[in-house]
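User: I've got a model loaded and want to talk through some of its contacts. Can you take me through them?

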Amino acid sequence: MAQRTPLYDVHVKAGARIVEFAGWEMPVQYTGILDEHEAVRRRAGLFDVSHMGEVVFRGPKALESLQRLFTNDLSKCADGQAMYGCLCRDTGGIVDDVVVYRRSATDLLVCVNAANRQKDFDWLHGHAAGADVQNESDAWAQLALQGPAAAAVVQKLTAVRLTSVGTYRFTTGEVAGVPCIVARTGYTGEDGFELFCPPGRAPALWGSLLEAGAAERVVPAGLGARDSLRLEMAYRLYGSDMDDETTPLEAGLGWVVKLDKGGFVGREALARQKEAGVPRKLVGFTLTDPGIPRHGYRVLRDGQPVGLVTSGTRSPSLEIAVGLAYVPAPLAAEGSTFAVEIRGRAAAARVVKTPFYSKPKPASPGAAP
Amino acid sequence: MNFPDDLQYTREHEWCRVKGGRAVVGITDHAQDALGDVVYLELPKVGDVLKKGETFGVVESTKAVSDLFAPVSGKVVEVNDPLVDAPETVNEDPYEEGWMIQVEMSDPKELKELLDPAAYRKFLEEEAE
């Protein structure tokens with residue numbers, strides 16, 4: 001039986017279409033994926049991401065112990081700062097991709113993917129030397145307000161000065177009277193906040209955010225828009241774009257693997273792979289023929305299968321077909337061409353720079369008459 | 001949800017409007033709603049020969065891929081080509097502007113196997129249970 005977030009009834013009442021995702025009954029859309037996607041890019045959208053998990057490291061050895069399980073370098077992460085990275089096995093395979101919120105060297109919160117709540121906790125708990133590791137996933141709800149209007153809306157509800165909370169920084173404070181971790185993080189490519197709060201207070205906070213955002217036409221947004229928004233940014237999705245069998249180097253996450261930071265689980269395997277060169281690489285591509293690439297479609301070169309599409313959609317912002325695919329390293333360079341097999345037809349594709357989407361540059365002040 | 005009286009329906013959620021020996025075909029209000037925003041279509045060419053129950057095209061929304069099934073057998077005599085460039089029309093007006101193909105029926109008796117609006121509604125209720 002699928003789990004429900006504290007906001008389930010609120011979603012149903014709002015007319016959301018509910019689907020099962022990673023063992024959770026979640027809203028996939030309210031009015032429509034394209035509407036919600038556009039609202040986030042232009043104004044702001046409110047997401048329930050309470051299905052995400054939280055694992056907390058505490059104690060004198062908390063930092064040291066998490067540092068040995070995380071590919072990025074937490075010594076470079078200040079208190080009050082968040083850092084993205086991977087948890088890896090000895091083989092270099094990815095257990096999960098996570099965001100670590102460093103409250104202090106003795107108190108770090110790891111935000112994990114919904115499907116991996118138990119797996120990550122077991123892994124972290126089993127490998128953490130000397131730290132107190134708790135699975136606090138049921139103790140937190142999470143609301144994400146994302147979009148250019150997000151900061152103005154949250155600011156109406158809190159005494160926290162949000163201008164002092166930079167990107168990938170966080171603080172604690174009350175929002176609409178609800179005690180929250182207020183983090184300037186997200187998964188959409190827009191400015192915005194993720195608010196971690198007690199589950200019982202989540203419905204009230206949800207209502208307050210929508211009410212405060214009425215003038216900005218903030219709308220609730222579902223997993224459908226969350227997926228198209230993240231894919232336009234080429235943000236990886238665990239379980240689709242990577243898993244225990246893929247390494248961060250193959251997944252294009254080499255920028256969060258700090259081989260020189262000291263020992264960590266997976267370091268040797270990753271160092272060897274870096275030395276030898278990755279056999280395959282996750283690349284962003286667009287189709288130059290009609291069609292929409294989908295997870296699981298084959299990548300063809302000279303008619304032979306050589307790779308696999310892991311994510312694909314028609315980008316609502318760009319109105320073109322975009323996707324991520326594992327291809328042999330020689331095909332990974334920008335401008336390389338291959339085909340994607342769509343229902344037996346070979347649709348031409350080209351490797352492009354990611355993110356696919358970048359924000360339109362605001363007109364410089366004074367430039368226009 | 002709207003299911004016009006002058007149409008006949010399939011269990012795969014296509015509709016069929018009979019005009020003499022021709023059948024105009026599209027997908028139902030229920031189908032477009034279930035799919036969500038339609039963003040891509042593949043339709044057959046004029047002259048293609050369809051067999052009842054076999055796929056004649058594909059409709060894709062942001063999230064889903066769905067086959068289109070021929071409600072009757074026959075030859076495709078007209079295709080709503082502009083729809084390919086404006087697939088959102090399928091959501092906005094599934095029964096008029098959103099029609100997909102016209103088929104010259106080879107066996108009009110097949111129409112008897114289609115559902116009237118009441119039977120289609122009943123089928124949807126059963127499917128939802």
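User: Let's begin with Lys109(B): is this residue buried or exposed?
Analyst: Keep in mind that this is a predicted model. The cut-off for exposed is over 50% relative accessible area. Lys109(B) has 58%, so the residue counts as exposed.

User: Which residue forms a salt bridge with Lys109(B)?
Analyst: The closest N and O atoms of the pair are 3.4 Å apart, and a salt bridge here needs them within 4 Å.

User: Over in chain A, Asp79(A) and Arg102(A) meet in a salt bridge. Which of the two is buried?
Analyst: Buried means under 20% relative accessible area. Asp79(A) sits at 44%, so that one is only partly exposed. The other has 12%, which means the buried one is Arg102(A).

User: How many residues apart are Asp79(A) and Arg102(A)?
Analyst: Asp79(A) lies in the loop between α3 (62-67) and β5 (81-88) of chain A. Arg102(A) belongs to strand β6 (residues 94-104) of chain A. The pair links distant parts of the chain, and the separation is 23 residues.

User: What area is buried between domain 1 of chain A and domain 2 of chain A?
Analyst: The contact draws on 13 residues from domain 1 of chain A and 16 residues from domain 2 of chain A. Zero salt bridges are counted between these domains, but six residue pairs are in polar contact. Carbon and sulfur atoms give 61% of the buried area, and the total is about 1,300 Å².

Methods
Residues are numbered from 1 along each chain as its sequence is written. Chains are lettered from A and ligands numbered from 1 in the order in which they are written. This is a predicted model: local features need pLDDT of at least 70, side-chain atom pairs count only at pLDDT 80 or more; totals for chains, interfaces and linings use all residues. Side-chain values use heavy atoms; hydrogens and water are left out. Contact means heavy atoms within 4.5 Å. Buried area is the accessible area (1.4 Å probe) that two parts lose on being put together, summed over both. A salt bridge is a side-chain nitrogen of Lys or Arg within 4 Å of a carboxyl oxygen of Asp or Glu. A polar contact is a pair of N or O atoms within 3.5 Å; within protein, one must be able to donate a hydrogen and the other to accept it, and residues adjacent in sequence count only if both atoms are side-chain atoms. Helices (H or I, at least four residues) and strands (E, at least two) are DSSP runs, numbered from the N terminus. Buried means under 20% relative accessible area, exposed over 50%, partly exposed in between (1.4 Å probe, protein chains only).
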